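Here is a short briefing on one structure.

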Amino acid sequence: MKLSERFKALSGKKGFGFVVLGLIAGILLLIIPNAEATADEDIGITQTLSSEYCASLEEKAKRLILSLPNVKSCEVFITLESGYSFVYATDQRVNETEHGKETEKNIVLAGNGSGEEPILIKESMPAVAGVAVVCTGADYQTQYRIIELMCALFDIKSNRISVQT
């Protein structure tokens with residue numbers, strides 16, 4: 001039996017139109033994801049996470065500096081290079097065309113109780129770009145120790161650290 005004959009036989013059945021309509025709607029939902037809403041939500045969440053992360057780093061650095069002798073009070077301000085970065089599992093296909101090779105990447109989704117979510121492979125914390133410390137009661141030697149501490153703590157060069165008394 002040919003394909004066109006099978007289609008004619010199935011199309012005569014009751015409810016076949018609803019099945020076809022459902023399949024078309026399902027395909028459209030897969031092809032046209034709601035990427036705008038997801039991107040906006042991810043940006044807002046990432047900014048919140050970055051500011052909370054920065055505040056916790058500042059608090060930890062402040063406690064460390066206050067434990068040094070001759071430091072009576074201090075304030076620490078940290079700038080980050082960027083926000084969190086996420087790497088998701090992807091399915092990659094390479095198609096050869098007459099113009100060369102085209103690479104198609106799709107994020108792999110996994111089902112959970114409330115729907116499907118992308119599979120997270122790696123999450124990177126934001127890197128520290130610079131540190132500013134304002135403290136009272138610190139002499140030159142203590143300032144040098146603060147710079148050494150911040151270099152070791154955040155793995156940054158000393159020219160990215162400023163200590164003012």
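Thr-142 counts as buried, because its relative accessibility is 4% and the cut-off for buried is under 20%. The model is predicted. Thr-142 sits in helix 4, which covers residues 140-154.

**Around Thr-142**
- Beyond its neighbours within four places in sequence, Thr-142 is in contact with Leu-68, Pro-69, Asn-70 and Val-71.

- Three strands form an open sheet in the order 1-8-9, with mixed pairing.
- Strand 1 and strand 9 are the edges; each has a single partner strand, so one side of each lacks a neighbour in the sheet.
- Neighbouring strands are turned by 10° against each other on average, direction ignored.
- Strand 1 and strand 8 run antiparallel and are joined by eight bridges.
- Leu-80 has Val-128 of strand 8 as its bridge partner.
- Helix 4 packs on this sheet and touches strand 1, strand 8 and strand 9. The direction of helix 4 makes about 150° with that of strand 9.

**The nonpolar core**
- The largest nonpolar core has 23 residues. Those with the most contacts inside it include Ile-78, Val-131, Ile-146 and Phe-154.
- Two or more residues each come from helix 3 (35-66), strand 1 (73-80), strand 8 (128-136), helix 4 and strand 9 (161-164).
- Helix 3 gives the most to this core, with five residues.
- Leaving out residues up to four places away in sequence, Ile-78 touches Cys-54, Leu-57, Glu-58, Val-128, Gly-130, Val-131 and Phe-154.
- In soluble globular proteins, nonpolar side chains tend to be buried together.

Technical notes:
Residues numbered from 1 in each chain as written. Predicted model: local features only at pLDDT ≥ 70, side-chain atom pairs only at ≥ 80, totals over all residues. Heavy atoms only, no water. Helix = DSSP H or I, 4+ residues; strand = E, 2+ residues; numbered from the N terminus. Buried < 20%, exposed > 50% of the residue type's maximum accessible area, 1.4 Å probe, protein only. Contact = heavy atoms within 4.5 Å. Core = buried A, V, L, I, M, F, W, Y, C linked by side-chain atoms within 4.5 Å. Pairing = 2+ DSSP bridges. Axes fitted to C-alpha atoms, helices over the stretch in contact; angles between N-to-C directions.
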